[in-house]
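Here are my notes on this one, jotted down point by point. Have the model open while you read.

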Amino acid sequence: MAIRVLCVEDNPQNMRLVRKILFSAGYELLEAQDGTSGLAAIRAHKPDLVLMDVNLPDIDGLEVTKQIKADPSIAAIPVLALTANAMHGDRDRCLAAGCDGYVPKPITKTELLNTIAFFVKKSERNHA
Ligand code: MN
């Protein structure tokens, strides 16, 4: 069965890029454009991994992540923050909010696929 990734991202160009990269690697992609629908999609579909934009039109991506990690039914799903600010303080904020890792923007194919593969394998090991 294909690995399912949910991307929560309000920028259509970034979403298009993520879609292209994930399809090329055989992942199944679920999409949400804001935090509220993202959280609902995570609860409804229990994806294998979540890509979370930090700046969303409604709830901040880090706040959505806190809510994911506070819900035992979905807390184990790896969340990777998509952050434009690759500064150290921003990375710390992501990890403090409960993100498992992060992918800096601009997104590159190699970095996105390597990071996703690492966390998918890690979570498979945890469930073995
Ligand atoms: Mn955004």
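1. A word on the cut-off before the metal site: donors are N, O and S atoms within 2.8 Å of the metal, and since water is not among the atoms, sites may look incomplete. Keep in mind too that this is a predicted model. With that said, the manganese ion is coordinated by an OD of Asp10, an OD of Asp53 and the O of Asn55, at 2.0 to 2.2 Å.

2. Along the chain, these manganese donors follow the spacing D-x42-D-x1-N. The pair Asp10 and Asn55 links distant parts of the chain, 45 residues apart. Asp10 sits in the loop between strand 1 (4-8) and helix 1 (12-24), while Asn55 is in the loop between strand 3 (49-53) and helix 3 (61-69).

3. Now the overall fold. The chain has five helices and five strands, and from the N terminus they run β-α-β-α-β-α-β-α-β-α. The radius of gyration is 13 Å, close to the 14 Å that the globule rule gives for 128 residues, so the chain is as compact as a globular protein of that length. Along the principal axes, the C-alpha atoms fill a box of roughly 35 × 30 × 25 Å. Of the 128 residues, 45% count as buried.

4. Two backbone details deserve a look. Most residues other than glycine have a negative phi, and most peptide bonds are trans. Against that background, Lys46 has a positive phi, near 40 degrees, and is not a glycine. Lys46 lies in the loop between helix 2 (35-45) and strand 3, and is partly exposed at 41% relative accessibility. The other detail is the peptide bond from Lys105 to Pro106, which is cis, with omega near 0 degrees. Pro106 belongs to the loop between strand 5 (101-104) and helix 5.

5. How are the planes of the Phe118 and Phe119 rings set against each other? The count of aromatic pairs comes to one. In that pair, the ring centres of Phe118 and Phe119 are 5.1 Å apart and the planes are at 85 degrees, so the arrangement is edge-to-face; the cut-off for that label is over 60 degrees. Phe118 is partly exposed, at 46% relative accessible area, whereas Phe119 counts as buried at 10%.

6. Asn114 is found in helix 5, residues 109-127, and is exposed, with a relative accessible area of 52%. The C-alpha atoms of Asn114 and Val103 are separated by 10.0 Å, with the two residues 11 apart along the chain.

7. The largest pocket has a volume of about 170 Å³. Of the 13 residues that line it, the closest to its centre are Pro47, Asp48, Pro78, Ser123 and His127. Which classes make up the lining of the largest pocket? Eight of its residues are nonpolar, two are polar and three are charged.

Technical notes
Residues numbered from 1 in each chain as written. Predicted model: local features only at pLDDT ≥ 70, side-chain atom pairs only at ≥ 80, totals over all residues. Heavy atoms only, no water. Donors = N, O, S within 2.8 Å, 3.2 Å for Na, K, Ca; no water. Helix = DSSP H or I, 4+ residues; strand = E, 2+ residues; numbered from the N terminus. Buried < 20%, exposed > 50% of the residue type's maximum accessible area, 1.4 Å probe, protein only. Phe/Tyr/Trp six-rings, centres within 6.5 Å; stacked < 30°, edge-to-face > 60°. 1 Å grid on protein atoms, 1.4 Å probe; cavity = no way out; pocket = protein on both sides within 12 Å on 5 of 7 lines; lining within 4 Å. Points joined across faces, edges and corners; volume = space filled by probe spheres on them. Nonpolar A, V, L, I, M, F, W, Y, C, P; charged D, E, K, R; others polar. Rg over C-alpha atoms; globule rule 2.2 N^0.38 Å.
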